[in-house]
Amino acid sequence: MNIALKYCWNELLEQAWLVPVLLLIGFGLAFAIPEYNWLNKYIQLVLMYIGINIILTVSLNLVNGYMGEFSLAHAGFMAVGAYTAALLTMKVLPVAAYPVLFPLAVLAGGMVAAVMGLIVAVPSFKIRGDYLAIITLAFLMIVKSVIENIDYIGGPRGIPGIKRLTTLPWVFFWTVATVWMIRNFVYSKYGRGVLSIREDEIASDLMSVNTKRVKFLAFMLSSFCAGVAGALFAHLLQFISPRVFDIIKTTDVLIMVYLGGIASIGGSILGATAYTALMELLRPSTMAALLDWLPEFVFNPLNQYIIQNLGVWRMVIMPLLLVLVMLYWPRGIMGQREFRGFIPRRDRVAHRRLNDPGEKP
Amino acid sequence: MSEGIVYWLQQILNALQLGSIYALIALGYTMVYGILTMINFAHGDVFMVGAFFCFLAATYLGLPFAPTLLLTMIGAALVGVLLERLAYKPLRNAPRVSAIITALGLGLFLENFTLALAPYPKHIPPLLENVSWDLGGVSLSSLQVIIIFLSLGLMFLLDYVVHRTPVGMAMRAISWDKTFVPLMGVPVDLIISVTFAIGAGLAGAAGTMYALAYPVIDPYMGIMVGWKAFISAVIGGIGNIRGAMIGAFILGGVEIMVTAFFPSTYRDFVAFTLLLLLIVVRPYGILGKPRTQKV
């Protein structure tokens, strides 16, 4: 019985129609949930945050996981994308009349962020490791203080009153697009180059990998996706300011990457989902609703205390979680492993042999 | 004296005050990097914890200046050693990225933990009677004199310890070679802990002085000051103790000059642009030596 089930499961995974069908179901749900109010507004919001966080995590995993560099600049690219898109929808594009123009603004946000990615990509030709981490940090700080000093875009006060254009179908679309792009990049010729740079840059240069071009593409793709996520984020939150995109935002994404495990798209998706859900669960209002639902005698004496103090303590739990993951679970949920569905058919056999050297060919 | 000279002397004095606080923190960054080649990003928050210890000692224990300073330094040193033993030591052989991420996480943890315990900004009571002298138009406060001379004193003490004592010799030996030094009977773990204790203690002293000079403290005060001190360490050549001191005074001077000519919001922009350019052009800093990678 068990064997038969396993056989059916394996056969199912090999079917070519599986992915399109799953995507169609996903799109259908993404349209249907807000249309018919299947889930309450709060859960819909959390679903959109999960989508945006998946975009951020998968794209940061390209640089920090697959390429083995350490970038802290993700929140900076997000800020660039968010500000570009918000200014476009508020001052240039007539989105009120034509909401169809919104993806154009998101795309523009991603493009400008990708161009900014060059500022990090060019020094990375010469500089690696700790010093590159410092460069990305300096980039983040510079972006923040440039925004703070331009009065036209609100300076330190930020931009209030952005239209809420991000919807569940759009988030779903961009999440799928990001995962698709990064998955294809990672398993392409350039993706192998990215992996070889992580293992040994000098050796891969000798093996005639064009390391400059590979780094160039990897940084630009990663920052493009961060810009897209920033644009979606701005039109969901409806308010952006330089403070939103500081080092704490980057740390959030870093936690999701390392919780999910480096060099794994499936891990990033799981990590982003788990972490976002956990953080929402620890919100005082959510916890209050949850504790209400439990039998009264269980938490009653603690109830009030927990709800009152959770708001502050969840910010303590978050970095502690990161440190504990680093110390006791450095692989994360699925570090360097991958769901079979994400691996191209031509690579599957080789992948299986790599992970299980005992198997006879 | 003419107006211009008075103005410049005043600015130089301000730069010296800012620079000496940066220098005390930068020493912690540079010592840890020198011995472990690891950037301890939580160091700026140890400085913040120092300022809060100062607040506790001055408000709840009602201590005068000298015991407060001593207590703060000891408390910060303990925090530093605790971080090293619990978080960095298990990661010493892990990939270097793990240590950086852990340090970032620990910094955030210290900030938010302090925030959870002390939600509102705290006021430090004036521990020292502040006398201002007027030297031909240049105003000089006793607090400035104490900050500058105390920092210089601590720096010379550290320089002496590192270059003239057995402990300092062990530190330099470990930074030189980690494989054979333990075979010579040098207790590596102990020396690393001592390094963290000294660095954190100096950050604690800086926290006290900063809290006296700018008496409103909050849990996020360590972020910017910490990064600035880190930039100082990079300017001087990270890993080089004398370089860190020079770098701190250079950065203090640059920042004061920027605020003298431009709006003060440009200060961070200039400081971080300086860092970016410096790393691209001369990553080993003023006093550091270029390191070539061998294949």
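**Helix packing and the chain interface**

User: At what angle do the axes of helix α1 (residues 3-36) of chain B and helix α5 (residues 142-164) of chain B cross?

Analyst: This is a predicted model, in which local features need pLDDT of at least 70 and side-chain atom pairs pLDDT 80 or more, while totals for chains, interfaces and linings use all residues. Residues are numbered from 1 along each chain as written, chains are lettered from A and ligands numbered from 1 in written order, and side-chain values use heavy atoms without hydrogens or water. The axes of these helices (DSSP runs of H or I, at least four residues) come within 9 Å. Their crossing angle (0 to 180 degrees between N-to-C directions) is roughly 30°.

User: Is the crossing of α1(B) and helix α9 (residues 241-261) of chain B left-handed or right-handed?

Analyst: The axes of α1(B) and α9(B) are 6 Å apart, at an angle of about 140°. The two helices are therefore oblique to each other. A crossing is right-handed if the near helix is turned clockwise from the far one by less than a right angle; that of α1(B) and α9(B) is right-handed.

User: Which residues of α8(B) does α2(B) meet?

Analyst: The axes of helix α2 (residues 43-59) of chain B and helix α8 (residues 221-236) of chain B come within 7 Å and cross at roughly 130°, which means that α2(B) is oblique to α8(B). From α2(B), the residues are G44(B), D45(B), F47(B), M48(B) and A51(B). In α8(B) they meet M221(B), G222(B), I223(B), V225(B) and G226(B).

User: How many salt bridges does the rule find across the interface of chain A and chain B?

Analyst: In chain A, 33 residues are in contact with 40 residues of chain B. The two chains bury about 3500 Å² between them (accessible area lost, 1.4 Å probe, summed over both), with 82% of it on carbon and sulfur atoms. For salt bridges (a Lys or Arg side-chain nitrogen within 4 Å of an Asp or Glu carboxyl oxygen), the count across this interface is zero.

Note on methods
Angles under 35 degrees count as roughly parallel, over 145 as roughly antiparallel, 65 to 115 as roughly perpendicular and the rest as oblique. Contact means heavy atoms within 4.5 Å.
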